[in-house]
Amino acid sequence: MGFVMQLILLVIGFVMLIKGADLFVEGAASIAERFGIPQLVVGLTIVAMGTSAPEAAVSIASALKGSADITVGNVVGSNVLNVLVILGLTAVITMVPVGITTVKYEIPYMILITVLFLGMGITGNKITLVEGVFLWIAFIAYLVYLLFQAKKNKDETQEENKKPMWLLFLLTVGGLALVVWGSDVTVDAASNIAKAMGMSERFIGLTIVALGTSLPELCTSVSAATKGKADIAIGNIVGSNVFNILFVVGTTALITPVAFAQNFVVDTTVAILSGVLLWVAVVLQKGLKRMAGVIMLVAYAGYFVYLIQ
């Protein structure tokens with residue numbers, strides 16, 4: 001298939017990802033709102049899982065196709081992009097308030113599991129079935145914590161969305177299906193383009209595929225911030241990063257061992273440092289402000305320069 005055709009497919013795939021994530025978030029957030037679940041919890045769970053669906057679809061598909069470098073590159077690349085670029089851009093647009101539980105528990109947990117992931121990768125240069133099971137246990141523990149938070153913080157929200165419940169479910173399921181399909185189209189096109197240009201699978205995973213699968217997070221976070229729902233923005237990113245490592249890598253490792261190339265040690269370390277930078281910024285600034293956003297974007301630019309060398 002021609003180069004121009006692959007570019008067209010890449011754009012179509014990205015459009016499917018963005019539209020699918022949009023429909024999913026609208027449906028899922030509205031359903032949660034009906035049950036009086038707080039915005040932050042919606043961001044940490046439903047929105048995070050929905051916008052991480054492309055990473056999950058892409059990583060599992062890549063592992064099954066034998067492209068393990070794309071699996072790890074996509075997860076690590078997405079996590080770095082999520083914090084430095086997406087939260088960086090969101091903070092430049094508007095001040096992002098950060099809840100006390102996010103500072104105390106969620107961001108530290110995100111950093112901790114990234115360190116754990118690095119440790120698993122270094123020992124044996126692959127994520128094994130047993131390690132996959134361990135990641136799943138940590139994922140279930142995280143969900144239990146979030147359910148506890150949801151019960152503790154249950155609030156009476158106004159029912160803004162008057163759409164019938166069946167339609168909301170249809171939006172949610174339809175959106176998710178579009179995301180999965182879009183991710184498949186995107187990965188195939190991005191991989192073909194990059195290979196035609198002589199790029200490595202690691203570079204493809206860390207940049208092109210990571211950006212493509214992070215587009216829903218970008219759209220959701222910026223959209224949430226401009227609508228004055230910045231709570232969803234930070235919850236979405238932290239939740240997505242936790243979901244990417246625990247669910248995406250965990251599930252992939254249950255299917256097939258995930259190879260962890262030596263090069264990924266630097267990339268995973270960058271993901272850890274990104275989390276630390278985020279935590280320090282929100283502790284010092286009592287929220288995420290423009291200055292921190294600028295620093296994050298500059299940090300990503302530096303990392304990108306390292307990647308292309």
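I took helices as DSSP runs of H or I with at least four residues, numbered from the N terminus.

**Entry 1: ground rules.** My model is predicted, so I kept local features to pLDDT of at least 70 and side-chain atom pairs to pLDDT 80 or more, while totals for chains, interfaces and linings use all residues. Residues count from 1 along each chain as its sequence is written, and side-chain values use heavy atoms, leaving out hydrogens and water.

**Entry 2: the surface patch.** I looked up a nonpolar patch made of Leu64, Leu129, Val133, Ile137, Leu254 and Ile255. Its members have over 30% relative accessible area and no salt bridge, and nonpolar side chains (Val, Leu, Ile, Met, Phe, Trp, Tyr) are joined within 5 Å. A salt bridge here is a side-chain nitrogen of Lys or Arg within 4 Å of a carboxyl oxygen of Asp or Glu. Together the six have about 540 Å² of accessible area (Shrake-Rupley method, 1.4 Å probe, with only the protein chains shown as cover for residues). Helix H5 (129–152) and helix H8 (230–255) each supply at least two residues, and H5 gives the most, with three.

**Entry 3: one residue up close.** I picked leucine 254, which lies in helix H8. Why does leucine 254 count as partly exposed? Its relative accessibility is 37%, and partly exposed is the range between buried (under 20%) and exposed (over 50%).

**Entry 4: the inside.** I found one cavity of 30 Å³ or more (on a 1 Å grid over the protein atoms alone, a set of points where a 1.4 Å probe fits but cannot get out; lining residues have an atom within 4 Å of a point). The largest cavity has a volume of about 60 Å³, the space filled by probe spheres set on points joined across faces, edges and corners. Its lining includes Asn79, Met110 and Ala271.

Note on methods:
1 Å grid on protein atoms, 1.4 Å probe; cavity = no way out; pocket = protein on both sides within 12 Å on 5 of 7 lines; lining within 4 Å. Patch = residues over 30% accessible without salt bridge, like charges linked within 9 Å, V, L, I, M, F, W, Y side chains within 5 Å. Buried < 20%, exposed > 50% of the residue type's maximum accessible area, 1.4 Å probe, protein only.
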